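Subject: The structure I promised you

Hi,

Here is the structure for you to look through. Have it open while you read, and my notes below will walk you through what turned up.

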Amino acid sequence: MRTIGYIIQKEFIQIFRDKTMLPIIIIMPFVQLIVLVYAATFEMKQIDMVVVDQDLSTTSRQLISKFQGSPFFVLEGNTFSMDEAEDMIKSDKADIVMVIPNDFQKKLMSGETSAIQLIVNAINATAAGLTNAYSSYVIADFNKNILTENINFIQPIQTRSIDVSYSYWYNPELNYKIYMLPGILVILVTIIGAFLAALNIVREKEMGTIEQINVTPIQKYQFITGKLLPFWIIAMAEFAFGLTLGKLLFDIPIVGNLGLLFGFAGVYLLVALSLGLLISTMASNQQQVMFIMFFFLLTFILMSGIFTPVESMPDWAQKVNIINPFAYFMRVIRMVLLKGSGFSDISYEFYSLLIYASLIFSLAVWRYRKTA
Amino acid sequence: MTDKPIIKVVNLVKKFGNFVANDHLNFNVYEGEIFGFLGANGAGKTTAIRILCGLSHPTSGELEVAGFDVYKQSEQIKKNIGYMSQKFSLYENLTLRENIRFYAGIYGLSKKEINIRMDNLLENLHIGHLRDQLIGSLPLGWKQKLAFSVAIFHQPKIVFLDEPTGGVDPITRRQFWDMIYQAAKDGITIFVTTHYMDEAEYCDRVSIMVDGRIEALDSPAGLKQHYHAENMDEVFLKLARAS
């Protein structure tokens with residue numbers, strides 16, 4: 001135990017003495033947290049629209065003003081030429097083109113159906129889907145009004161419809177920041193912790209100081225534990241700091257038990273840091289560590305479900321996520337913070353990570369060689 | 001120096017692929033002696049020293065260090081040896097005191113013991129003022145001397161020095177050897193590699209390695225007599241040219 005204590009003491013002295021590392025550890029994640037939470041949003045605020053109105057009737061103008069009245073649409077232009085409208089989509093000035101045919105009003109008045117054409121820029125499929133949904137909603141609303149007015153002419157009957165009312169649980173205002181912040185926090189503490197740990201051992205290899213340690217009777221588990229704990233403590237502190245910031249700046253709800261969350265974070269970080277140390281024991285220089293870490297982090301983060309729900313990923317991807325520590329924590333942090341899930345709700349994830357942690361840690365200890 | 005061997009090496013072979021770095025080495029090192037391990041760059045000195053320290057595995061051969069078997073008891077050996085590598089190996093961003101505390105702590109010395117020995121060390125070397133200086137800010141000569149002091153801080157039976165005086169001036173080298181003599185007087189067996197032939201004269205016995213083999217092993221006086229040479233430089237050149 002004392003041996004481990006001496007390593008931890010030494011690591012902390014070195015970390016806090018390094019005048020370039022300290023700001024990186026403390027300031028960088030919080031700048032990222034603030035910037036990313038504001039930037040990484042799927043909310044549609046401004047859909048640029050071009051109208052090709054070939055009818056120029058009262059009805060067509062009503063439809064257009066309906067769109068103008070919506071908070072999501074901005075009328076960027078009004079033209080008669082399809083070519084011009086297409087050019088605007090190509091040059092990214094418009095996201096959607098609405099083409100109203102010249103017999104639009106006539107057909108509607110005589111009780112026939114008229115078709116309008118919507119051309120949506122679908123480079124970003126998600127955004128296109130939302131654009132489509134929003135405009136369909138506007139048009140359907142318009143449709144209903146037309147129908148009611150016309151019908152009222154002839155005979156007053158009541159249009160019956162099913163009124164759907166929504167209640168959004170756990171995030172009633174559909175606030176995207178509340179959803180994103182926990183996920184981004186997970187990424188930040190992992191990157192800081194795992195990179196610090198991974199670069200540490202390999203730097204001792206590059207400096208040659210590891211030889212001096214390898215001729216001592218130190219035991220392998222002592223060495224790895226001594227290298228893991230300092231960065232674990234830093235990552236946990238970082239996590240606490242990030243949550244506080246989230247509460248103060250974004251007022252994220254903390255519905256569940258904080259002790260439970262920190263307990264889970266602790267086990268999760270054991271996995272992440274052990275993984276970093278394992279890579280570090282295998283690599284021979286910092287460059288190798290950077291590339292291998294980059295490979296794992298990027299893959300794990302994108303598959304973790306931070307942006308896209310894991311449930312909608314293909315089957316094989318969901319299976320791969322069994323070895324993705326991010327996926328476990330990403331799910332659990334949102335469950336505990338937003339839903340207030342208790343231990344029984346997350347026990348599967350907890351025990352899985354516990355097994356994972358002991359596996360990777362043992363692997364790192366085994367892979368650390370005192371002989372070259 | 002006694003006639004009790006503290007290092008026994010029988011037929012040590014180390015191969016890297018087809019390259020034979022150590023070709024059937026045989027020698028004993030006796031308790032309390034200063035054993036010089038000489039050879040040109042690439043002769044295989046560092047390879048042998050790393051094997052004896054348990055940093056590398058031999059391909060074949062029987063080896064015993066401080067009474068322990070190199071294959072089976074390498075951790076026991078590590079408790080009883082000190083090592084100073086070619087690469088300077090104290091932490092540059094730690095102070096002298098922090099470096100000593102760290103290494104001594106790993107060797108399991110008690111806090112009290114560490115403090116007593118540290119005070120003695122600082123006093124003997126008259127370097128009380130360097131105590132809280134970062135190692136990185138010290139001149140190379142001092143770094144080497146301090147690395148040696150740290151290597152023997154836990155009072156090992158044997159200390160392995162791999163070209164400890166590389167790149168330092170003659171005066172510092174002389175001081176360094178004074179420290180080695182002092183350590184030998186305190187009962188530590190010294191195993192030192194060098195390619196400075198004047199340093200070979202300071203050793204009790206020297207072995208000269210050429211291309212992975214030990215070509216000669218005797219006291220400096222004995223070697224000079226056998227090869228009809230004025231000094232160790234000539235002995236070495238005669239051996240190296242013969243190969």
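One definition before anything else: a residue is called buried under 20% relative accessible area, exposed over 50%, and partly exposed in between (1.4 Å probe, protein chains only). By that rule Glu86(A) is partly exposed, because its relative accessible area is 40%.

Please keep in mind that this is a predicted model, so local features need pLDDT of at least 70 and side-chain atom pairs count only at pLDDT 80 or more, while totals for chains, interfaces and linings use all residues. Residues are numbered from 1 along each chain as its sequence is written, chains are lettered from A and ligands numbered from 1 in the order in which they are written, and side-chain values use heavy atoms, with hydrogens and water left out.

Now the surface of chain A. Glu86(A) sits in helix 4 (residues 82-90) of chain A; helices (H or I, at least four residues) and strands (E, at least two) are DSSP runs, numbered from the N terminus. Together with Asp83(A), Glu84(A) and Asp87(A), Glu86(A) makes a negative surface patch. Patches are built from residues with over 30% relative accessible area and no salt bridge, joining like charges within 9 Å and nonpolar side chains (Val, Leu, Ile, Met, Phe, Trp, Tyr) within 5 Å. For the charges, Asp and Glu count as negative and Lys and Arg as positive, with His and the chain ends not counted.

There is a nonpolar patch too, formed by Ile26(A), Ile27(A), Val31(A), Val35(A), Leu36(A) and Phe241(A), with about 510 Å² of accessible area together. Those areas come from the Shrake-Rupley method with a 1.4 Å probe, and for residues only the protein chains shown count as cover. Which helix gives this patch its largest share? That is helix 2 (residues 21-39) of chain A, with five residues. Ile26(A) belongs to helix 2, and its 39% relative accessibility makes it partly exposed.

Next, the overall layout. Chain A is split into domain 1 (2-40 + 174-367) and domain 2 (47-154), with bounds from an automatic or database domain assignment. The C-alpha centres of the two domains are 49 Å apart. Tyr368(A) comes in the segment after helix 14 (343-367) of chain A and is buried, at 3% relative accessibility.

Finally, salt bridges: a side-chain nitrogen of Lys or Arg within 4 Å of a carboxyl oxygen of Asp or Glu. How many are there over all chains? A search of the whole structure finds 26.

- Lys227(A) and Glu11(A) pair up at 2.4 Å, N to O. Lys227(A) is in helix 9 and Glu11(A) in helix 1 (residues 2-17) of chain A, so the bridge ties together parts 216 residues apart in sequence. Both residues are buried.
- Lys143(B) bridges to Glu92(B), with the closest N and O atoms 3.5 Å apart. Is each one buried or partly exposed? Lys143(B) is buried at 11% relative accessibility, whereas Glu92(B) is partly exposed at 30%.
- Arg97(B) and Asp132(B) meet at 3.2 Å, N to O. This pair links helix 3 of chain B to the loop between helix 4 (111-124) and helix 5, 35 residues apart.

Cheers

Definitions and conventions
The place of a charge is taken as NZ of Lys, CZ of Arg, CG of Asp or CD of Glu.
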